[in-house]
Amino acid sequence: MRPAELSRSGSDPAAVDPAFRDFGSIVDAYQNRLYGFVRRILNDDEEALDVTQEAFVRAFRNLGRFDGRCSLKAWLFKIAHNLCVDRARRRKVRFAEEPLECGEEEQGGLASDDRWNPESVVLSDELLSVVNGAVERLSPKLKAVLLLHDREDMAYEEIAHVLELPLGTVKSRLFAAREQVAGAVRAYLQEER
Amino acid sequence: MNHRENRAVREWVRRLPEDEPGLAWRASLNERLAKEARGRNRRAARTAGASAALAVAASLALWFVVQRTGTDSRLEAELVAWHQSAVAATDLSGPGLSPIEWRPSPAGADPWRSVEEELEAL
Amino acid sequence: MTRWVAFLMLAAICALVRAQADPADPLLRRVLEAAGKARYAGERTVEYRRGLDRLVQTELVFKDGPRYRIEYLPGSPLAGQVVIENGRRRWVVRPGEEAIDEGPARGDDALARLRLQLADRRGFTTTVEDGEPIAGLPTRRVEVADKRGIVVQRLWVHPPTGIVLRREIFGPAGGKLGSFEFRRIDLQPRFSADDFEPPGRPEARRGPIARLRELARAEGFLPAHLPPGTGFVLDSVEVRPLLGRRVLMQVYRGGGRILTLYQLPPMVRPGPLQLARRAGLNSYSWQREGRSFVLVSGLPEERLRELAGRLVVR
């Protein structure tokens, strides 16, 4: 086990010996996070409710097979992500590849705006909706990496395990996803000036 | 993208509002899990031997824990969900019959249909 | 002179309060006005969601201003049942049952929550845009969202009449709780003289308190209820199964609010329900004569506690 995974598993209270834990408390701990992830990946509230529920049922059914090689959280997200991919296939929606453009030319001086300072982030409702919209518009592949890393605090290795991707792809997708979100914020700030 | 923008995006994504799947959803999940646990116990009971007995014991232990700790929350979830459905029914049915008042006519069937039933009927 | 000044000030305050409560958008004002004035005969489908289960019902709705007649079609689980409302009282006739359930008219309660949301301009926002035709009529789509941007309801309104042709209701997490939609509608209906008359013999009509007493006697509950003067009237009462036990559920209405009172075996710890708080609701539970009572509503907890103290058993 890699050190990053070890520390994450150790800090995760619900990951301790899950076979003998009340599965209800596992659901309590992860239902909102998992539902939020699935909802954003599928862009469909109703389907997300269904998929999240199915993910927990499958996890419960296969709890005995959980071997602790990754964190319980990563295992749950892996199940949920696989179900999302199945649903997308059924809907014939491709998890399309995004061109990895950097958009360097758009950056011109806007990073000096105070709202880029995470310490003094005042996330106004409007800015929040810009970020939310930008995340929603990402392709599912980019979105999955961004949400797992920036929202769920997973390490690159863990994300690579959940999404079954090479480490380099995780990093490049994270870069591309952040760039697209930042691009949307830049456009918004520029409009505001 | 510079380091500052990277950190800003990360912070914004982290601060996006959290989603809640709702109490009715949770009650329905609890039902499915309880059903799953019962099915598992029945399957386990069919197999013989010491290892099977251990598996049954483990399953039973889990099932009892779910039952014991789940009873209160399931009860609460149902009471809250019934109230929510009374409120939604007011908005939707107006003077018409709300689901709380629904008593099937003598020849009528159970008006609730599960999605699974509908899929099976296809 | 002083009296006149006071009168004018009072009138001005009343006008201001009314203006604040009225929605700014003329379409929404028309929706609220139509509740008591519209005339139509239509067929609509109503859908309720409960977790993964859903319940769909088709009904014929006849509306003449504040008067309603609703019939359930053959082939439906509620076939033959009829609801009549004359603007003051409401009756439910069920085939095979001699007793006719009688209660207070619900009137435009269906729009009461919308009215509260539209009056709360800080808490809710509305957007209006073109909607698709429904039942052959053009519509405008109204979306009401809470502070977090989560849609709480959508309405498709026929602009000339203000009639709501489709409505979707969502829960606090954004999950759909139900919807209705008209399949066909006649805006120039002709009604019979007795369409909205009280049904059956007067002695067959039974109010909700009488039904409560009957159910309590038959099922071993206490005939406990909120008395008149609390601001809430009993609308419906039913016994429902829950976790292998029987629960007496009473739904009260008052001032556009819904209050639910449960009576069940002593299975609930006194105090508030944890899950109610998470759903943005308040609750208060207590025990009396070996039974648990629970009140659930959007009202403040102190008000629930006060109502709990006013419960009567008779």
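This note goes through strand pairing and helix packing in a predicted model.

1. **Hairpin β4-β5, chain C.** Strand β4(C), residues 82-85, and strand β5(C), residues 89-93, run antiparallel and are joined by four bridges. C:V82 stands opposite C:V93 in β5(C). Three residues lie between the two strands of this hairpin. In the turn, C:G87 has a positive phi of about 100 degrees.

2. C:W91 has C:E102 in β6(C) as its bridge partner. Here six residues separate the strands of the hairpin. C:G96 in the turn has a positive phi of about 85 degrees.

3. **Helices α2 and α3, chain C.** The axes of α2(C), residues 26-37, and α3(C), residues 112-119, come within 11 Å. They cross at roughly 150 degrees. Angles over 145 degrees count as roughly antiparallel, and the two helices are therefore described that way. The crossing is left-handed. On the α2(C) side, the contact involves C:L28, C:V31 and C:L32. These meet C:L114, C:R115 and C:L118 in α3(C).

4. **Five-stranded sheet, chain C.** The sheet is open, with strand order β14-β15-β16-β18-β17 and antiparallel pairing. β14(C), residues 233-242, and β17(C), residues 282-288, are the edge strands. Each has a single partner strand, so one side of each has no neighbour in the sheet. On average, neighbouring strands of this sheet are turned by 20 degrees against each other, direction ignored.

5. Strand β16(C), residues 257-264, is joined to β18(C), residues 291-297, by six bridges. The two strands run antiparallel. C:Y262 stands opposite C:V294 in β18(C).

6. **Helix α6 on the sheet.** α6(C), residues 301-309, lies across β16, β17 and β18 of chain C. Relative to β17(C), the helix runs at about 30 degrees.

Notes. Residues numbered from 1 in each chain as written. Chains lettered and ligands numbered in written order. Predicted model: local features only at pLDDT ≥ 70, side-chain atom pairs only at ≥ 80, totals over all residues. Heavy atoms only, no water. Pairing = 2+ DSSP bridges. Axes fitted to C-alpha atoms, helices over the stretch in contact; angles between N-to-C directions. Parallel < 35°, antiparallel > 145°, perpendicular 65-115°, else oblique. Left-handed = near helix turned anticlockwise from the far one by under 90°. Contact = heavy atoms within 4.5 Å.
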